[in-house]
Amino acid sequence: MKKVGIMGGTFNPIHMGHLIIAEKAREQFQLDEILFIPCGVPYMKDNKEVLSGEIRAEMTKLAIEENPFFDISMMEVEKEGNTYTYETLNRLHDKNPNTEFYFILGADSLWAVEDWKEPEKIFAGCHILAAVRDNKTSEDMEKQVAYLKEKYGASIFLLQTNRIEISSSMIRETVRDGKSIRYLVPVAVYDYIIKNKLYKAVE
């Protein structure tokens, strides 16, 4: 079966941390490709700070264009109303019945996923690849993985990555403070943010 990694997120904006984690997942689990899926309306976030799906998707396209193993899906951006991970997984399975999906997320999401809509359907629809970040220790993560496996029968693997202390909120704040975000985002994304004065960027 084809093995496809899913990198979902708001990508407001996409940054080097996203790309590094995606590439590590592809390498460690021998994935055939990584599918980046910018969300449409993020129902669990304050939408005041979230740029339009089209703009976030354009930055994602620019970020991944040089990697032949990376692709983008507009399925959530083009969907009206809220977007839910379990629905996205169902649609992907319907279109790709001979594909195994590996959903890539950060360590913090291992604790948040039970608050997502229909978490049991998410675990049933994919393997989870969790990357260490924030202040979570390996012991903390192993306990949470064991808990989710016991409760939901989840298939969860830990990604071996260095801690990547970059976040989209940090990038937005840095831009608002008039400081440089070079090397935090790909060059093409940096140029796009500056050119379009996103997040109040001024060159």
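Helices (at least four residues) and strands (at least two) are DSSP runs, numbered from the N terminus. In this predicted model, the chain holds eight helices and six strands. Their order from the N terminus is β-α-β-α-β-α-β-α-α-β-α-β-α-α.

**Overall dimensions**
- The radius of gyration of the chain is 17 Å, which agrees with the value near 17 Å for a compact globule of 203 residues.
- Along the principal axes, the C-alpha atoms occupy a box of roughly 50 × 35 × 30 Å.

**Burial, surface and contacts**
- Of the 203 residues in the chain, 50% are buried.
- Of the contacts between residues at least 6 apart in sequence, 77% link residues at least 24 apart.

**Charge**
- The chain carries 26 positive and 32 negative side chains.
- The centres of these two sets are 3 Å apart.

**Strands β1 and β2**
- Strand β1 (residues 2–9) runs parallel to β2, and six bridges join the two.
- Gly8 has Ile37 of β2 as its bridge partner.
- Strand β2 covers residues 33–38; six of its six residues are buried, so the strand is largely enclosed by the rest of the structure.
- Buried here means under 20% relative accessible area.
- In a regular strand, side chains alternate between the two faces of the sheet.
- In β2, Glu33, Leu35 and Ile37 point one way, while Ile34, Phe36 and Pro38 point the other way.
- Both of these sets, Glu33 included, are buried.

Methods
Residues are numbered from 1 along each chain as its sequence is written. This is a predicted model: local features need pLDDT of at least 70, side-chain atom pairs count only at pLDDT 80 or more; totals for chains, interfaces and linings use all residues. Side-chain values use heavy atoms; hydrogens and water are left out. The radius of gyration is taken over C-alpha atoms; the globule rule is 2.2 Å times the number of residues to the power 0.38. Buried means under 20% relative accessible area, exposed over 50%, partly exposed in between (1.4 Å probe, protein chains only). Contact means heavy atoms within 4.5 Å. Lys and Arg count as positive and Asp and Glu as negative; His and the chain ends are not counted. The place of a charge is taken as NZ of Lys, CZ of Arg, CG of Asp or CD of Glu. Two strands pair if DSSP finds at least two bridges between them.
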